[in-house]
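Please walk me through this structure, taking the strand pairings and the helix packing in turn.

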Amino acid sequence: MNQPAPLPPSITVDTVWLPKQNSTLAESIDFGWDVVMVVSIMFFVLLMAMMIYFLVRYHRRSEFDVTSDRDHNARLEWAWTLIPLAICVGLFFVGFKGFLYAAVPPAESYEIHVQAQKWSWTFTYPNGVVTNELTVPAGRPVKMIMSSTDVLHSFYIPEFRVKRDVIPGLYTAVWFQAIEPAESTLFCTEYCGGGGDGQQGSGHSAMWTRVHVLSDSDFDKWMQSQEDDPNAPPAEKGKKLFVTRGCAGCHSVDGARGNGPTLKGVFGKTEQMSTGEAVPVDENYLHESILQSQKRLVAGFGGIMPAFEGQLSEKEVTYLVEYIKTLK
Ligand code: CUA
């Protein structure tokens, strides 16, 4: 059995129907939404009321009822053409204003690179720090430069009202300026596949992560705490990579079955491959399984792991292998 996907924390709702606004863009997006909603409800009520009224007023009571010989009314037709046209043009400008604001990131934006892959997010900060949860300063424009290593994903933070596809082989970008320190959730909103071996999987639906909005000074403190300790032992560096590179999304370290086999006690064990071959799990097998993940698959698991060849350095693979060895 696959593990059930962990549930994302619920979204804070403090307005009638939309999540909390926590970006400078949110107000204009919500204004456009509200205007469309009000206009739609007004016309729905108006049209339904008229329909019911006409039904009662003009229904044919007997076969001797006379019908009118009037076939059109030019004034009425102009009115029902021009009024909706004016409303649509008005809606266009309401939307266009927000669109322009969202489309142009300020030149001094803080830039974070985003890499999406099945099924995790990786964030790279200007000083080289890599994380798998997003931490941003409040009150500063932040630009996300995004790409995908495999399939289409979509970057979506409801509280910021930003959403953009993340595409393999192409950079896309979004920017936002968070208003105040808060905890939010980032979702993938493009169906990017399920779990392994044909079961109902947790892949796409589990592809969410935390967004921490910190005050400027807390952000600087947080950044300092993230900077790598060059003297840390390899296994400790590996443990960090294991989380930031998304391994932990599919491989548990406590024996639970995920989209991939658990890594608890895997080192030194003999694994059954899908071909029936029995392979001792040593440094070389782990090295191969990380860089050329499709080469030999553990029986019972689909070939869903991305190959990390070209994405992890030899050093980083060594750190990961050292970490896996400690998972007794
Ligand atoms: Cu990534 Cu859905």
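**Strands, helices and confidence**

Strands here are DSSP runs of E with at least two residues, helices are runs of H or I with at least four, and both are numbered from the N terminus. Two strands count as paired if DSSP finds at least two bridges between them. Strand 6 (residues 153–157) and strand 7 (residues 162–166) are antiparallel, with five bridges. Their hairpin has four residues between the strands, and Arg 161 there adopts a positive phi near 60°.

This is a predicted model, in which local features need pLDDT of at least 70 and side-chain atom pairs count only at pLDDT 80 or more, while totals for chains, interfaces and linings use all residues. Residues are numbered from 1 along each chain as its sequence is written, and side-chain values use heavy atoms, with hydrogens and water left out.

Strand 1 has two pairings to follow. Strand 1 (residues 110–117) runs parallel to strand 5 (residues 141–148), with seven bridges between them; Glu 111 is opposite Lys 143 of strand 5. Strand 1 is also joined to strand 2 (residues 120–124), in the antiparallel sense, by five bridges. Here Val 114 is partnered by Phe 123 of strand 2, and the hairpin connecting strand 1 to strand 2 has two residues.

Strand 2 also contains Ser 120. Is Ser 120 buried or exposed? Its relative accessibility is 8%, so Ser 120 counts as buried (under 20% relative accessible area; exposed is over 50%, partly exposed in between, with a 1.4 Å probe and protein chains only). Leaving aside residues up to four places away in sequence, Ser 120 touches Gln 115, Met 207, Arg 245 and Gly 246, a contact being heavy atoms within 4.5 Å.

Turning to the helices, the axes of helix 4 (residues 234–244) and helix 6 (residues 314–325) come within 7 Å and cross at roughly 100°. The axes are lines fitted to C-alpha atoms over the stretch in contact, with angles from 0 to 180 degrees between N-to-C directions. Helix 4 and helix 6 are therefore roughly perpendicular to each other, the term for 65 to 115 degrees (under 35 is roughly parallel, over 145 roughly antiparallel, the rest oblique). Among the residues that meet are Pro 234 and Leu 241 in helix 4, and Tyr 319 and Leu 320 in helix 6.

Finally, confidence: pLDDT, the predictor's confidence in each residue from 0 to 100, averages 86 over the protein, and 93% of the residues score at least 70.
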